[in-house]
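Notebook open, model loaded. I want to look up the ligand site and then the aromatic rings.

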Amino acid sequence: MAGRITFTIIKPGAVQNEHIGPILGKIAEAGFHIAGMKMVQLSRNEAQNFYCIHEDKPFFGELVEFMVSGPIVVALLEKDNAVEDFRKLIGSTDPKKAEPGTIRHMFAQSIQANAVHGSDSDENAIKESEYFFAGYEKFYKDKGGCLQGSMQ
Ligand code: CMP
């Protein structure tokens, strides 16, 4: 069964262009519960670690520089079929290929400054949210037990 959590980042370009509110509005409208959220400034080392899966790609250096260029908003999202539904909501990585109405179609500037990140699997949703959120920062709607932080 597909998992109930995904993880997102509202990236520096979208934060700088005052798109936090409209993006969160689209996320809420699509039925996601925000189970954790904060605004942070990544260090170069933190950005390199987060995107280490791409370290051999030619765009890695630019991606890291972009991600440290300003504050980001990280959020833990909860909904049935969260990963797949969120990827549909945000659209293709390249905003030129994103469907009208998707978050990237509406708010992205380029493939690099593509407004938001969304986890690509249940496993990565857990890894990525654990990178940013401690157990006491997670507020699940479907508590599934008394220890909110360990329900995954
Ligand atoms: P994201 O979903 O955060 O995951 C990895 C990021 O790498 C991706 O969004 C893009 O911002 C970036 N990326 C992927 N492909 C390219 C590319 N060809 N050129 C520049 N950046 C890219």
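**Entry 1, the ligand's place.** I'm working from a predicted model, so I keep that in mind throughout. I looked up where the ligand sits, and it is in the largest pocket.

I listed the residues around the ligand: Lys11, Tyr51, His54, Phe59, Leu63, Thr93, Arg104, Ile111, Gln112, Asn114 and His117. Sorted by class, this shell comes out as four nonpolar, five polar and two charged residues.

Which atoms lie 2.5 Å apart at the ligand? I found a polar side-chain atom of Tyr51 at that distance from a ligand oxygen. Ile111 takes part through its backbone: an N or O atom there is 2.9 Å from an oxygen atom of the ligand. For Gln112 I again noted a polar backbone atom, 3.2 Å from a ligand oxygen.

I searched the whole structure and got seven aromatic pairs. One of them I looked at in detail is Phe32 with Phe86. How is this pair arranged, and why is it called edge-to-face? The ring centres are 5.5 Å apart and the planes stand at 85°, which is over the 60 degrees cut-off, so I put the pair down as edge-to-face.

Phe32 is in the loop between helix H2 (20-29) and strand E2 (33-40), while Phe86 belongs to helix H5 (residues 82-90). They are 54 residues apart, and I noted the pair as a link between distant parts of the chain.

Methods
Residues are numbered from 1 along each chain as its sequence is written. This is a predicted model: local features need pLDDT of at least 70, side-chain atom pairs count only at pLDDT 80 or more; totals for chains, interfaces and linings use all residues. Side-chain values use heavy atoms; hydrogens and water are left out. A residue is near a molecule or strand if one of its heavy atoms lies within 4 Å of it. A polar contact is a pair of N or O atoms within 3.5 Å; within protein, one must be able to donate a hydrogen and the other to accept it, and residues adjacent in sequence count only if both atoms are side-chain atoms. On a 1 Å grid over the protein atoms alone, a cavity is a set of points where a 1.4 Å probe fits but cannot get out, and a pocket is an open set with protein on both sides within 12 Å along at least five of seven lines; lining residues have an atom within 4 Å of a point. A molecule sits in a cavity or pocket if more than half of its atoms lie within 2 Å of its grid points. Ala, Val, Leu, Ile, Met, Phe, Trp, Tyr, Cys and Pro count as nonpolar, Asp, Glu, Lys and Arg as charged, and the others, Gly among them, as polar. Rings of Phe, Tyr and Trp (its six-membered ring) pair if their centres lie within 6.5 Å; planes under 30 degrees apart count as stacked, over 60 as edge-to-face and the rest as tilted. Helices (H or I, at least four residues) and strands (E, at least two) are DSSP runs, numbered from the N terminus.
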